[in-house]
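Please read it alongside the sequence and the coordinates.

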Amino acid sequence: MSNGDDVKTLIIDDQEVSARRGQTILEVARENGINIPTLCHLEGLSSVGACRLCLVEIKGSNKLLPACIATVFESMEVSTDTERLRKHRRTILELLFAERNHICSVCVSNGHCELQTLAQEQGLTHIRLPYRNPNLPVDASHERFTVDHNRCILCTRCVRVCAEIEGAHVWDVMGRGINCMVITDLHEEWGSSTCTRCGKCVQVCPTGALFDKGKIGSEHPKYPDFLPYLNLMREAR
Amino acid sequence: MSQTITIDPVTRLEGHGKITIHLNSQGEVENAHFHVTQVRGFERFCEGRPYYEMPGLMARICGICPVSHLIASAKACEAVMSVRIPHTAAQLRRMLNLAQMVQSHALSFFYLSSPDLLLGMDADPASRHLFGVVAAKPELGRAGVALRRFGQSIIELLAEKRIHPGWVVPGGVTEPLPAAKRDEILAMLPAAYDNVKLALDAYKQIAGQFKEEIEVFANFPSLYMSLINEDESIEFTDGEVRLIDADGHVLDDGITVNTFTEVIGEAVEPYSYTKFAYYKPLGYPQGSYRVGPLARLNIVKSMGTPLAEKELAEFKQLATGPVQGSFHYHHARLVEILYGIEKIEQILNDPLILDKHVRATAGVNRLEGAGYAEAPRGTLMHNYKVDENGKMLWANLIIATGQNNNAMNKGVLQVAQHYVRDGKFTEGILNRVEAVVRTFDPCLSCSSHALGQMPLALSLVSASGEVVDKVVRG
């Protein structure tokens with residue numbers, strides 16, 4: 001029997017909800033059918049609060065909190081969809097689009113891309129910032145997969161799934177700030193790295209940055225839903 | 001005092017072009033140029049991308065003939081992969097390419113050129129457009145719109161999108177043809193036959209009114225080039241290239257994609273971003289040749305479909321040897337539309353057309369590959385070099401409009417010399433200068449692989465470089 005203190009009651013978007021202690025705002029919101037946009041977060045992986053799309057407003061605080069890592073407290077009042085938040089979310093997406101080369105029309109993930117879907121949901125019609133158009137490489141050295149850094153948004157899902165689920169930790173991040181890149185091993189070619197060829201990173205990548213070799217033009221839906229089931233089965237063992 | 005006439009932009013073309021006509025001090029036309037004024041750089045920015053992205057990327061060159069680019073590109077990729085695609089995939093692609101040819105020819109003939117043909121070269125420009133045609137000849141206007149729709153609908157049924165479909169991929173196509181879609185296309189055929197018959201009859205009736213234009217619209221002996229089947233019938237998607245001379249003798253035959261660049265060179269002129277293709281053994285510009293509907297009908301011995309066969313025989317009666325006047329491109333285009341419809345019907349009745357095996361797979365097995373297709377406006381070739389991981393190192397595209405470039409320039413000069421007298425020209429004369437370019441149905445955006453906007457402008461420039469007169473349309 002749980003202690004009374006383990007149950008928290010709070011308000012999300014004027015809806016009274018209850019939560020268990022230690023739950024994140026995002027978990028509670030989703031349990032109650034309230035949608036908060038996310039990009040770096042993925043069910044089954046640890047959360048890093050990197051993309052800031054899930055920022056929410058808490059009554060009594062000027063600070064915006066990332067819902068994927070902020071835990072609930074008693075009598076909390078959360079707003080997930082205010083004009084201020086929508087503006088921030090659009091700006092974050094614009095920054096992502098301006099940073100690298102996202103050309104949807106010729107991307108394998110066109111129509112299945114989380115970045116594209118979010119942009120549509122957030123009503124993004126224009127990028128007000130100048131595009132940086134960096135000249136980034138494509139690593140096609142792997143037998144089965146390709147990484148196109150032009151489409152990478154540095155969500156680090158690949159890094160986390162490789163380290164936490166596959167246990168290989170082939171992917172990591174190098175550089176700082178605008179020079180950040182995901183790399184395999186110590187910045188070796190993917191094809192000659194210690195990759196186990198499991199393909200989990202490809203399935204969790206929210207954009208067309210990681211994809212099956214040979215796949216083109218919208219024919220590459222991804223299936224990241226396997227993660228919670230995989231975790232469940234491992235825990236059951 | 002010499003003068004220059006500039007037509008900028010040239011209207012009713014696919015893409016943006018400019019014409020300049022240079023007059024000497026006697027007011028006679030000394031020289032004339034057709035300029036393509038943009039550069040796009042497709043060959044450059046595909047470098048570093050995976051080769052199998054090329055069909056989708058390269059097709060973005062053009063919204064009119066993306067299918068030809070898709071096919072030429074996919075074939076170049078298949079050469080890199082060293083695969084032969086399944087029969088059904090080849091047939092489906094052939095049908096897609098024919099559907100595009102029908103819609104593009106319908107666009108060229110009805111939307112772009114029929115205002116000149118049906119309303120007259122000197123008709124009021126305010127009504128000299130497709131809507132004018134629809135008002136004056138509603139049946140023909142409707143037929144044109146319907147034929148374009150016919151081609152576009154087939155592309156959409158097969159490939160899901162009318163423009164830039166992702167269905168054609170290296171190795172074949174992504175989805176087989178369901179029976180319901182086959183039946184839907186079959187049901188569209190009777191109306192298409194009626195419409196093209198209407199257009200052919202109408203064209204033959206009015207062609208007689210254009211004797212003067214037929215004489216001077218790029219009417220000169222030249223070489224011709226197109227794809228052709230082993231049995232000497234017309235081919236748009238496979239086959240090998242044949243080149244004939246001005247008398248119709250075979251000059252070079254069985255030119256494969258691998259030997260193409262050995263015999264075809266590309267020259268550059270300072271006034272255009274579009275290159276000038278030529279047959280190397282004869283040098284430039286003597287080795288210049290024409291491609292497209294006129295070239296195809298001049299080269300082939302048969303169409304392989306009954307109705308078009310009769311039309312081909314009639315077409316060949318226009319001249320002994322190759323038909324040299326570019327005005328006849330219009331006629332050839334209509335014959336090809338008829339062929340396209342008949343061939344689509346034949347393909348749909350192929351017992352294997354619904355087969356589910358439509359894609360072959362392979363990795364990089366060769367570091368260079370090239371592929372042909374006949375675009376509506378002529379032979380198209382894509383040539384790629386890749387590294388061992390399949391990343392593009394280099395690309396070259398040889399586009400129909402580049403191959404017709406010299407003929408278009410000669411045509412512009414011929415028309416200008418014939419019509420511009422004493423440095424004087426009328427709107428109707430300028431329209432004829434544009435109309436000669438329209439006979440080729442050039443695709444300027446493809447040819448300059450172009451960016452930006454350039455509507456048509458025509459200027460008359462004096463010997464001292466002074467612009468004497470200028471007509472601008474934007």
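In chain B, strand β1 (residues 3–8) pairs with β2(B) in the antiparallel sense over 2 bridges, where strands are DSSP runs of E with at least two residues and helices are runs of H or I with at least four residues, numbered from the N terminus, and where two strands pair if DSSP finds at least two bridges between them. This is a predicted model, in which local features need pLDDT of at least 70 and side-chain atom pairs count only at pLDDT 80 or more, whereas totals for chains, interfaces and linings use all residues. Residues are numbered from 1 along each chain as its sequence is written, while chains are lettered from A and ligands numbered from 1 in the order in which they are written.

Strand β2(B) is also joined by 3 bridges to strand β3 (residues 29–36) of chain B, and these two run antiparallel. They form a hairpin with 5 residues between them, and Gly27(B) in the turn has a positive phi of about 80 degrees.

| Residue | Bridge partner | Strand of the partner |
|---|---|---|
| Thr4(B) | His22(B) | β2(B) |
| Lys18(B) | His35(B) | β3(B) |

How many residues of strand β2 of chain B are buried? For strand β2 (residues 17–23) the count is 7 of the 7, so this strand is largely enclosed by the rest of the structure; a residue is buried if 20 or more other C-beta atoms, placed from the backbone, lie within 10 Å of its own, exposed if 12 or fewer do, and partly exposed in between. Both faces of β2(B) are covered, with Gly17(B), Ile19(B), Ile21(B) and Leu23(B) buried on one side and Lys18(B), Thr20(B) and His22(B) buried on the other.

Helix α11 (residues 306–316) of chain B has Ala308(B), Glu311(B), Leu312(B) and Phe315(B) among its buried residues. These four cover an arc of only 105 degrees around the axis, which puts them on the same side of α11(B), the arc being that of the directions from the helix axis to the C-beta atoms. Pro306(B) and Ala313(B), on the other side of α11(B), are exposed. The buried residues of α11(B) pack against α7 (179–207), α10 (293–299) and α12 (329–348) of chain B.

Chain B as a whole contains 16 helices and 16 strands. Its radius of gyration, taken over C-alpha atoms, is 22 Å, close to the 23 Å that the globule rule gives for 474 residues, so chain B is as compact as a globular protein of that length; the rule is 2.2 Å times the number of residues to the power 0.38. The C-alpha trace of chain B spans about 70 × 50 × 40 Å along its principal axes, and buried residues make up 56% of the 474 residues.

In chain A, an open sheet of 3 strands has the order β6-β7-β10 with antiparallel pairing. Its edge strands are β6 (138–139) and β10 (210–212), each of which pairs on one side only. Strand β7 (residues 145–148) of chain A pairs with β10(A) over 3 bridges.

Between the chains, 12 residues of chain A are in contact with 15 residues of chain B, contact meaning that C-beta atoms, placed from the backbone, lie within 7 Å.

How values were computed: Contact = placed C-beta atoms within 7 Å.
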